[in-house]
Amino acid sequence: MSTSSSPEPHLFATDPAWADVTPIEQYEGSTAPLAPILYGAVYKDATDYLRAIVASNEKSPRVLELTEAVVRLNPSHYTAWQYRYETLLALKGSTPRLIAKEEDLMDELAIRCLKSYQVWHHRRLLVLLSVERKDGKLAEAEVERVKRELEFISRSFEEDSKNYHTWSYRQWVLSHFFGSSASSSVADNDEDEDTIESVWTKELAWTERMLEKDVRNNSAWHHRFFVVFERPGARVGEGEIRRELRYTKQSIALAPNNASAWNYLRGVLHRLSIPYASLQAFVTPYTVVSGDKPGSKDAAGGEEDEIIDPENPRPSPGAQLPCPAALEFLADVYEKEGEREGVLKAVEIWKSLANEHDTMRRRYWEHRIREGIEAISERKSA
Amino acid sequence: MSTSELLIPLHVSYIQKLGENKDDLTYHLTSHLRLNAVYWGLTALAIMGRQDALDRNEMIEFVMSCWDEEAGGFGAHPGHDAHLLATLSGIQILVMQDAMERLDVDRVAKFILSLQQPSGVFAGDAYGEIDTRFLYCAVNALSLLGRLGDLDVKKTVGYIKSCRNFDGGFGASIGAESHAAQVFVCVAALAILGRLDEVDVDTLGWWLAERQLPNGGLNGRPEKLEDVCYSFWVLSALSILKKVPWIDAEKLTAFILSAQDPEGGGIADRPGDMVDVFHTIFGVAGLSILGYPGLVDLDPVYCMPAEVIEAKGLRKDWQALPRREK
């Protein structure tokens, strides 16, 4: 019974169905009267009865009513969640569809309680209860159940696209049910292998849709790295490498001042040991001051009829240039050349960052300058 | 009253008044972090040089009333189950109040160690939530208890290492996104365990410096909003890496000060929002690391007064900005 929809809030203290229970107060012996703030009284009532039930270890259906009342008022009340789960375990053998009904309730509650870790943990416990593997295989119905879970997670992202718990939970669902390790595998033959691979292919497409909605969603970029490089069974060949570099470059072209895309780019290069210098041609147009040439096609002053190079997408019109992250990248390219001339070019860029393009982090750029100059001096005196 | 300076007397009275209104719903809804809140309040007072503003004996008795005799740890509130977060807060308060003799060290150490998982991470309690935050609580607490020797350090460090992401940062669990608060707990735990060699100092230092937004405040991940509490998570991590100068101290100081409530005291997550004791401690802690005049030195690894940690011989190799004259 929802306390918020009744004109008179439901109190367990006046509910005849609870007459046999003696509530236990939180502040035993306290003489401080409770102010007549109705909402506070309702919460106190529910938690007093919860304390009594926990003390008597009752695991009956009315406990579900009570714990639901508590978590609706306070989604972080982890004792209520824990005790609710234990009650479900005790009742499920004798109550048909208990877990299925619980899952429906969670779908309803979760949107309200998104910031609470407990809501996601409870979902995890439920999906583990409702998806039972036989002989290490997942039946089709179970695969559908897990996919429904992924759909629920997608819907909850509409409320909060960067919720840390939600992203973690999605990763867990994918790894646990569609990882290719023997214990969690659907795969028993080629057909099942296809199922797993298609899940991950769809996941990459889903991640791309999230990035289409917000190319600056750092969580989505992080998830992409997980799907492509880190998930159980990840295979990264020439095709995947080209695809990732192309995708990241296109995202940068769309919105150059996006830390997540640049971090991703560096992550990919680092993971695959690809030299930064291979991207010098791509990065350079992002390091010039916004073009004011008449008839410029793009922000970096490119020509109207210049052939579009998909490997080196140019900054979109209107982009804010120069892009500090691009300057930083180019300076790293020069520094990595290892020669005196390269370092001096890097120093010039770091100076421009310290003095003009990223003055907030001037001390960091001064540190890079000092380090760079020290390195050349050492070589001279060596 | 202007918010261009730290309004210490107001914040002291704000903290003193906390918990006075036991009839308030907020008071009930936050009972699951009551002991943590007491630690936050006490530490904020200590940094402002006013630890005396709360009664020592009353506080010690409250801490002991949170003791869960069955589990051998502290819960967040009398009657609540023991939890690592509350256990660390309880121990920190007793250390700061010089009342360690009240602790059953063997039992608490046993409780803490019992929460380590095979993977090396720690659960918060029997419920099973795992998070590198709890790993830090365990390492910090064992260190304060003088029982780090009981810990499987290799396993613990191994887990932190697997939480290192492609951007140099750390997440709450393996595979989780880098987040400044998780960076702090992982880096501080590595500092206590003497394993900062697992940190890519330059890459992570840079990622932390990038948290500063044009308004001077710090965020927790790229493209998220600034929040005063990141003044601590980010700054303490930077001070352990000895890179605090990499952020603009003046702008951050101004941001933290602008989030004060000049009427009732306390600090909020950002200017104009409601204050709370969580953002008050972390705002003041950030200011201390930035060298704000008139504040007491804070140990960023343990988030306790530096003097207390030094006296226990636990000081690690960190660097804050020098304390400015008034």
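In the predicted model, helix α10 (residues 238–254) and helix α11 (residues 259–272) of chain A approach each other with their axes within 9 Å and cross at roughly 160°. Because angles over 145 degrees count as roughly antiparallel, α10(A) and α11(A) are assigned to that class. The crossing of α10(A) past α11(A) is left-handed. On the α10(A) side, the contact is formed by A:Ile241, A:Glu244, A:Leu245, A:Thr248 and A:Ile252. These residues meet A:Ala261, A:Trp262, A:Tyr264, A:Leu265, A:Val268, A:Leu269 and A:Leu272 of α11(A). Classified by residue type, this contact comprises 10 nonpolar, 1 polar and 1 charged residues.

From α2(A), the residues involved are A:Pro61, A:Val63, A:Leu64, A:Thr67, A:Glu68, A:Val70 and A:Val71. Their counterparts in α3(A) are A:Ala80, A:Trp81, A:Tyr83, A:Arg84, A:Thr87, A:Leu88 and A:Leu91. The contact of α2(A) with α3(A) contains 10 nonpolar, 2 polar and 2 charged residues.

Chain B was examined as a whole. Its secondary structure consists of 14 helices and 6 strands. The radius of gyration of chain B is 19 Å, close to the 20 Å given by the globule rule for 326 residues, so chain B is as compact as a globular protein of that length. Along the principal axes, the C-alpha atoms of chain B occupy a box of roughly 50 × 45 × 35 Å. Of the 326 residues in chain B, 62% are buried. Among contacts between residues at least 6 apart in the sequence of chain B, 67% link residues at least 24 apart.

One of the buried positions in chain B is B:Thr87, located in helix α5 (residues 84–96). The relative accessible area of B:Thr87 is 0%; B:Thr87 is classed as buried because this value lies under the 20% cut-off. When neighbours within four places in sequence are set aside, B:Thr87 is in contact with B:Gly73 and B:Phe74, as well as with B:Val108, B:Phe111 and B:Ile112.

Note on methods. Residues numbered from 1 in each chain as written. Chains lettered and ligands numbered in written order. Predicted model: local features only at pLDDT ≥ 70, side-chain atom pairs only at ≥ 80, totals over all residues. Heavy atoms only, no water. Axes fitted to C-alpha atoms, helices over the stretch in contact; angles between N-to-C directions. Helix = DSSP H or I, 4+ residues; strand = E, 2+ residues; numbered from the N terminus. Parallel < 35°, antiparallel > 145°, perpendicular 65-115°, else oblique. Left-handed = near helix turned anticlockwise from the far one by under 90°. Contact = heavy atoms within 4.5 Å. Nonpolar A, V, L, I, M, F, W, Y, C, P; charged D, E, K, R; others polar. Rg over C-alpha atoms; globule rule 2.2 N^0.38 Å. Buried < 20%, exposed > 50% of the residue type's maximum accessible area, 1.4 Å probe, protein only.
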